[in-house]
Amino acid sequence: MTSREEELLPNPTNDLYFQMLEVALDEARLGHAEGGIPVGAALFTQDGTLISRGHNRRVQEGDPSIHGETDAFRRAGRQSTYRDLVMVTTLAPCWYCSGLVRQFRIGTLVVGESRNFRGGVEWLREHGVRVIDLDSQECVDLMAGYIGAHPEIWNEDIGESPK
Ligand SMILES: [Zn+2]
């Protein structure tokens, strides 16, 4: 059994992770409605208590440092430890956000999908972060639609602009 199959087995924990993903998806849709990049994220305790939520606001605020993950992270305020927290994001995290996960030792990362962008998923796993990929079709479609319509903004967001 591959680790990917293991992750996708139906179990009560995955149900909880899908519920958490709904919050991140709401944020992604909100960002999209604002004219921004549709990536949303949230921080939860292991039992599913919401700590904070946020979304990418590069376009809205003209601020390249506001990714979904960093927005949720900042809105959580100071936390004494992140080991027992769950970061949920609609799309696999870029290097910047993967660095955030490692820097603050966030123990569990739930990604809505990693098909449009693989980001730092393998790197995080190699360094002991528990990464659960829910492979949500809704997340895949939302991001694929955006990348198709606005490739230049997406490339800018992940540092791959040609200029
Ligand atoms: Zn990021």
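Reply: Let's begin with a term: helices (H or I, at least four residues) and strands (E, at least two) are DSSP runs, numbered from the N terminus. Residues are numbered from 1 along each chain as its sequence is written. Please keep in mind that this is a predicted model, in which local features need pLDDT of at least 70, side-chain atom pairs count only at pLDDT 80 or more, and totals for chains, interfaces and linings use all residues.

Our residue is C97, and its place is in helix α5. To describe its surroundings, we call a residue buried if 20 or more other C-beta atoms lie within 10 Å of its own, exposed if 12 or fewer, and partly exposed in between, with C-beta atoms placed from the backbone. C97 has 23 other C-beta atoms within 10 Å, so C97 is buried.

Who are its partners? Two residues are in contact if their C-beta atoms, placed from the backbone, lie within 7 Å. Leaving aside neighbours within four places in sequence, C97 is in contact with H67, E69 and T70. L142 is 45 residues away along the chain, and the C-alpha atoms of C97 and L142 are separated by 20 Å.

Now for the helix as a whole. The buried residues of α5 are C97, S98 and V101. They cover an arc of only 105° around the axis (the arc of the directions from the helix axis to the C-beta atoms), which puts them on the same side of α5. An α-helix has 3.6 residues a turn, so residues three or four places apart point the same way. On the other side of α5, W95 and Q103 are exposed. The buried residues pack against α4, β3, β4 and α6 (121–126). After α5 comes R105, with a positive phi near 55°.

Finally, let's step back to the chain. It has eight helices and five strands, and 37% of its 163 residues are buried. In soluble globular proteins, nonpolar side chains tend to be buried together.
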